[in-house]
Amino acid sequence: MHSPVRNDIERVLIDEAVIGKRLDSMAADIEHDFPEGRLLVIILLKGALVFAADLLRRVPHLLEIECLNVASYHGGTESSGKVDFLDRHFPEVRGRRVLLLDDILDTGRTLRAVQDRLLTEGAAEVRTGVLLAKDKARAEEVEADYVGFEIEDEFVVGYGLDFMGRYRNLPYIGVLKRSAI
Ligand code: XMP
């Protein structure tokens, strides 16, 4: 536990074992809801990378996986209010049933913007899954179909979530010390 990274963490909010158990039941829900498989999963980089890798390995269906780079925070701890699509290529989604995965639902702008874009590009259906959802009023009307954990409205890192590009590799969700911000 005595690592330079661990020293920046004030407290562990959700530990690795608890995350693992929750992913088991989320994967079971997804398997149950899409019995015929044939899902196109879209992972929002970079925050949902760790969550998606661990979740999708628990889903026994034939999945196709694409990634999208979007930016809404631009490095700080407050959403900028604007969602930028950073890829030159947008995946082919016409007629597909899509499962969109993100790390955390905060203001809702990211999920809303990406969901709208997927539907504009012709996706037949878009379901959404997030590891975390902050318990707060959303700027956009959007809720996720699959939610790992509801958390208080505080800035968290780890398990894919970052502050200034760091802490994504922590195996748990933690709250940063003020001194690290
Ligand atoms: P919105 O506000 O669009 O936010 O729902 C979604 C994106 O904002 C980032 N985000 C966070 N990143 N700790 C983080 O490391 C947080 O507490 C946090 N809250 C929001 C994240 O990139 C997410 O995809």
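**Figure 1. Two aromatic pairs turn up in a search of the whole structure.** Rings of Phe, Tyr and Trp (its six-membered ring) pair if their centres lie within 6.5 Å; planes under 30 degrees apart count as stacked, over 60 as edge-to-face and the rest as tilted. Phe 155 and Phe 163 have ring centres 6.1 Å apart and planes at 80°, so this pair is edge-to-face. Phe 155 is buried at 17% relative accessibility. Phe 163 is buried too, at 10%. Buried means under 20% relative accessible area, exposed over 50%, partly exposed in between (1.4 Å probe, protein chains only). This is a predicted model: local features need pLDDT of at least 70, side-chain atom pairs count only at pLDDT 80 or more, and totals for chains, interfaces and linings use all residues. Residues are numbered from 1 along each chain as its sequence is written, and side-chain values use heavy atoms, leaving out hydrogens and water.

**Figure 2. Met 164 and Tyr 167 have positive phi in the loop between S8 and S9.** Strand S8 covers 156–157 and strand S9 covers 173–176. Helices (H or I, at least four residues) and strands (E, at least two) are DSSP runs, numbered from the N terminus. Phi of Met 164 is about 50°, although Met 164 is not a glycine. Tyr 167, another residue other than glycine, has phi near 80°. Met 164 is exposed, with a relative accessible area of 56%. Tyr 167 is buried, at 6%.

**Figure 3. A cis peptide bond joins Leu 45 and Lys 46.** Omega is about -5°. Lys 46 sits in the loop between strand S2 (39–45) and helix H2 (49–56).

**Figure 4. Gln 115 is buried in helix H3.** Helix H3 comprises residues 109–120. The relative accessible area of Gln 115 is 12%. Not counting residues up to four places away in sequence, Gln 115 touches Leu 100, Val 126, Thr 128 and Val 142. Contact means heavy atoms within 4.5 Å.

**Figure 5. The protein chain holds 3 helices and 9 strands.** Their order along the sequence is β-α-β-α-β-β-β-α-β-β-β-β. The radius of gyration is 16 Å, close to the 16 Å that the globule rule gives for 181 residues, so the chain is as compact as a globular protein of that length. That radius is taken over C-alpha atoms; the rule is 2.2 Å times the number of residues to the power 0.38. Of the 181 residues, 45% count as buried. Among contacts between residues at least 6 apart in sequence, 67% join residues at least 24 apart.
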